[in-house]
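This briefing covers a predicted model.

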Amino acid sequence: MNPVLEVRGLAKAFGGISAVNGVSFDVHEGEILGLIGPNGSGKSTLFNCILGQLAPSAGQVRIDGRAITGMRPCQLNRLGVGRTFQLLQVFPQLTVRENLILAGQEHQASMWSRLVGRRDAGLGAAADRMIEFFRLSALAAEKAAALSYGQQKLLDVAMAFMAGPRLVLLDEPAGGVNPTMLAGLRERLREINAAQRATFVVIEHNMEFVMSLCTRVLVLDQGCIIAEGTPEQVRGNPAVIEAYLGH
Amino acid sequence: MKKLLLLGVLVALLAAPFFLKPYGIYLLTLWVVMTIAAIGLNLTLGYAGQISLAQGAFVGIGAYTGALLTTQGWPLWCAFVIATLLSLAIGWLLGYPALRVQHHYLAFVTLSFATLVFLMLRNEEWLTKGVYGISGIPRPTLLGWSAKGPVAFYFFCLAILALVSAATWWLVRSPWGRAFTALRENAMRADSLGVDTRRYTLMAFAFGSAIGGIAGVLYAPLVQFIEPTAFNLNLSLNLLLMVMVGGSGYFLGPFLGAAVSVLLPEWLRFGSEGLYLIFYAIAVMVLMAFCPSGLLGLAQRVFRR
């Protein structure tokens, strides 16, 4: 069976600086892969190269066996690839419900029918289900700008799931989220993973979150993979300790 | 309350020409035409977040298309169709630079386009008659009803404004309108959610420009004589002012902004002798300094308290 995501020899250089240096890995259906590494190790650049936000200097990316290198983010999204960003990326002047409807609307029929057809086309109900699932019901009619940082982070993650993606890349979903909300987020991600066989790649600095959520972990340092394995294997790996602690 | 106020304004608009002198009716008709042009710019700038200093050029394209065709005996509805399609196509092309540059860089690209259109209108005499302009532009007769008189033409323009407003209302409340808002607020996130930001950027320019073209087709028979300086950069800046003063991204913003820009200077003119433009400029500066979201933004802030 083809992996959901195949990355082969991916590299990205900014002038003389090599941010990602020939990275290769696979992610299989239903897997939750953690991607960790010190600041500046190339994690977000790797995400951006996979997801079309940056053009890689070299290498190939495949989704379900199909080459996607060079595709635009909106094209990738329509292939079932969702993402969140390191920094908050919600639409502040839209309500929570509108944010979610927007996140699903481009997957509804043709562009023309979105103008002349039914305005809602079931998206309102889907948004309400997502709001309930992420425990945001009391905030559904609020503008996203009025939400706390943690609530916006939850909304950001919920938006990535609105179109029922096959693969979701989450860039530091736990950053700035309080422990109670974080436990809830972990539960939601586990539930989606179990119910939909959705595949996740998670960049995260919160080791407790990564170790308790992910089935496998990759460690990146200076643009290269330096370790790979189960959370337990990675935790005790001397190269990982060296990269993080510098001795 | 809001509905009652809107109903009152509508009744006033329907009754006003019967109480005004010809110059007053002319000003009110000019307000209607400029409101249409500002609605187009509000779509491009207010909803989709794409700065344009070329809206006046599209009014010019529409005006010249209308004038050239109707003075050759073509019916006005043909001029509407051709001017709208022409402005739509040119607006679409003008959107391409917006795929590469944004903000003040995009403003300069559109400013260059506005200058180019002005120079073409002035220099291509074989087509536009250059600085001599085009005169004798006829007003329409529709199914036996003549819109040649000032009151009739005012109602004709008001009907077109109603149609343009209804179409724009429909558009901004559709998923396309939501995608325009997403483009304005966070294009990168919109792209990652499947919104084809390139296509929506081009559409925002094309639709806004097409509405500018419609305004131009009405402007030509309103003044019945057009020449290039009416469509130079001043008009584009004035339209930008209308959108900003009314409230960029508010549906009713262009209506209010055009009223401030077209009617307020005339109102200030009485009793202030030659100082009315200074009063007007100070009023606009104070508003922009204290409420950059425009009059409707100010109203929203006041009513929320």
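A residue counts as buried if 20 or more other C-beta atoms lie within 10 Å of its own, as exposed if 12 or fewer do, and as partly exposed in between. Asp64(A) has 16 other C-beta atoms within 10 Å, so Asp64(A) is partly exposed.

**Sheet in chain A**

- An open sheet in chain A is built from 4 strands in the order β2-β1-β4-β5, with antiparallel pairing.
- At the edges of this sheet are β2 (17-27) and β5 (66-67) of chain A, each of which pairs on one side only.
- Strand β4 (residues 58-63) of chain A runs antiparallel to β5(A), and 2 bridges join them.
- Arg62(A) has Ala67(A), a residue of β5(A), as its bridge partner.
- In general, strands of a sheet pair through backbone hydrogen bonds, either parallel or antiparallel.

**Positive phi in chain A**

- Most residues other than glycine have a negative phi.
- Asp64(A), which is not a glycine, has a positive phi near 50 degrees.
- Asp64(A) is placed in the loop between β4 and β5 of chain A.

**Positive phi in chain B**

- Leu143(B), also a residue other than glycine, has a positive phi near 45 degrees.
- The loop that holds Leu143(B) lies between β2 (141-142) and β3 (145-146) of chain B.
- Leu143(B) is exposed because it has 4 C-beta neighbours inside 10 Å.

Definitions and conventions. Residues numbered from 1 in each chain as written. Chains lettered and ligands numbered in written order. Predicted model: local features only at pLDDT ≥ 70, side-chain atom pairs only at ≥ 80, totals over all residues. Pairing = 2+ DSSP bridges.
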